[in-house]
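Visitor: I would like to go through this model with you step by step, with the criteria behind each term stated as we reach it.

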Amino acid sequence: MPVLSLWQQWRNQVDFTINQLIQWKRAGYQDTWEDKTPFFEEFDFLKATEAELVERYPHLRTMEQRSSLVRYLMNLNRALVCEQLLTLAKSETHYSTMLEVGIKNGEMLDGLWAVCHERLSQDVSLTGIECDMWRISDGLHSRWDKAQYYSQHLPNTSIIAGDAGQHHGRYDLIWFFLPFVFPETADAWGFPRSLYHPAELFEHLITQCLNDGGLLLVTHQVDEEAQALRALLSTPALSSSLQHLGTMELSQPFTTHHPQHVHIGQVWRKKKDA
Ligand SMILES: C[S@@+](CC[C@H](N)C(=O)[O-])C[C@H]1O[C@@H](n2cnc3c(N)ncnc32)[C@H](O)[C@@H]1O
């Protein structure tokens, strides 16, 4: 194994352990509002899509009033992605509890919440979990500080700092945007190898956390990751309890650097008698 890779793994582990010990919290985090008009004047082909999205999901209009340009665009993309995945699942009703695994700092919870609140249930309840929650970033705030700030505007939403592989709770929907399925990707992200167990993690989520009849909705950066996850979920025990509802390219047109970055999405349903 190259020395550089070993060094990176060691550094990731040390950073993670120190952050877990300190559990840094600092009050006062706020997103800074920015005027979105100049952006939509420059990229005026996006105006109509934004207007339609905000019409379908009014929460996005509210979040625009307290968000930076980049965070607003991220949440427009996230809302579109969630909408596309729910359409793939052909699901409109009767789901109300959901878990998002790997929320990072919670900056895109709004987009998810906005869509699920309109399409699934007005009483939707959302739990966001992140195992590397104590990382400190700009402004000397941890991901925890930011997740608290972003989630305070979302009714029935709670945030957990912890490993989803150890989490106990039952949900109708489990969302996982960009899970690590290759160790090199996890290393490059700064993720500790001690927590990198994708097969065990997905098995736990499906067998212990997903309700019968519930949905697992996942996105990936590239098709190889989508294939790798399908391979992980093809063990006899899991494949007999899951129905793969499909894989699709996900459009994410809202970006300050064009052309847009397309992701891959896939959805499974846990069989009722699993
Ligand atoms: C590639 S990042 C994606 C972050 C975010 N979901 C997004 O769409 O930008 C994967 C995230 O999943 C988190 N994660 C990975 N394994 C986890 C686990 N077992 N429990 C909780 N979070 C986990 C990582 O810490 C990281 O923040």
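Visitor: Which residues of helix α10 are buried?
Guide: This is a predicted model, in which local features need pLDDT of at least 70 and side-chain atom pairs count only at pLDDT 80 or more, while totals for chains, interfaces and linings use all residues. Residues are numbered from 1 along each chain as its sequence is written, and helices (H or I, at least four residues) and strands (E, at least two) are DSSP runs numbered from the N terminus. A residue is buried if 20 or more other C-beta atoms, placed from the backbone, lie within 10 Å of its own, exposed if 12 or fewer, and partly exposed in between. By that criterion the buried residues of α10, which spans residues 223–232, are Glu225, Ala226 and Leu229.

Visitor: Why do the buried residues of α10 line one face of the helix?
Guide: An α-helix has 3.6 residues a turn, so residues three or four places apart point the same way. The arc considered here is that of the directions from the helix axis to the C-beta atoms. Seen down the axis of α10, its buried residues line one face because they fall within an arc of 100°.

Visitor: Which exposed residues does α10 carry on the face turned away from its buried side, and which strands are among what covers the buried residues?
Guide: The face turned away from the buried side carries Asp223, Glu224 and Ala231, which are exposed. Two residues are in contact if their C-beta atoms, placed from the backbone, lie within 7 Å. The cover over the buried residues of α10 includes the strands β7 (210–220), β8 (242–250) and β9 (263–270).

Visitor: Why does Leu229 count as buried, and how many other C-beta atoms are within 10 Å?
Guide: Leu229 belongs to helix α10, and, with neighbours within four places in sequence left aside, Leu229 is in contact with Val181 and Val218. Leu229 is buried because the number of other C-beta atoms within 10 Å is 23.

Visitor: What is the order of the strands in the open sheet, and what does the twist average from one strand to the next?
Guide: Two strands pair if DSSP finds at least two bridges between them. The open sheet has seven strands with mixed pairing, in the order β5-β2-β1-β6-β7-β9-β8. The edge strands, each pairing on one side only, are β5 (157–161) and β8. Between one strand and the next, the twist averages 15°.

Visitor: Which residue in β2 is the bridge partner of Leu99?
Guide: Strand β2 (residues 125–130) is mostly covered, with five of its six residues buried. Strands β1 and β2 run parallel and are joined by five bridges. The bridge partner of Leu99 in β2 is Thr127.

Visitor: Which residues is Asn105 in contact with, leaving aside its neighbours within four places in sequence?
Guide: Asn105 is placed in the loop between β1 (97–101) and α6 (109–119), and Asn105 counts as buried because 23 C-beta neighbours lie inside 10 Å. With neighbours within four places in sequence left aside, the contacts of Asn105 are Arg143, Lys146 and Ala147.

Visitor: Which residues are closest to the ligand?
Guide: A residue is near a molecule if its C-beta atom, placed from the backbone, lies within 6 Å of it. The shell around the ligand has eleven nonpolar, two polar and four charged residues, where Ala, Val, Leu, Ile, Met, Phe, Trp, Tyr, Cys and Pro count as nonpolar, Asp, Glu, Lys and Arg as charged, and the others, Gly among them, as polar. Of the 17 residues that surround the ligand, the closest are Gly102, Cys131, Asp132, Ala164 and Phe177.

Note on methods: Axes are lines fitted to C-alpha atoms, for helices over the stretch in contact, and angles run from 0 to 180 degrees between N-to-C directions.
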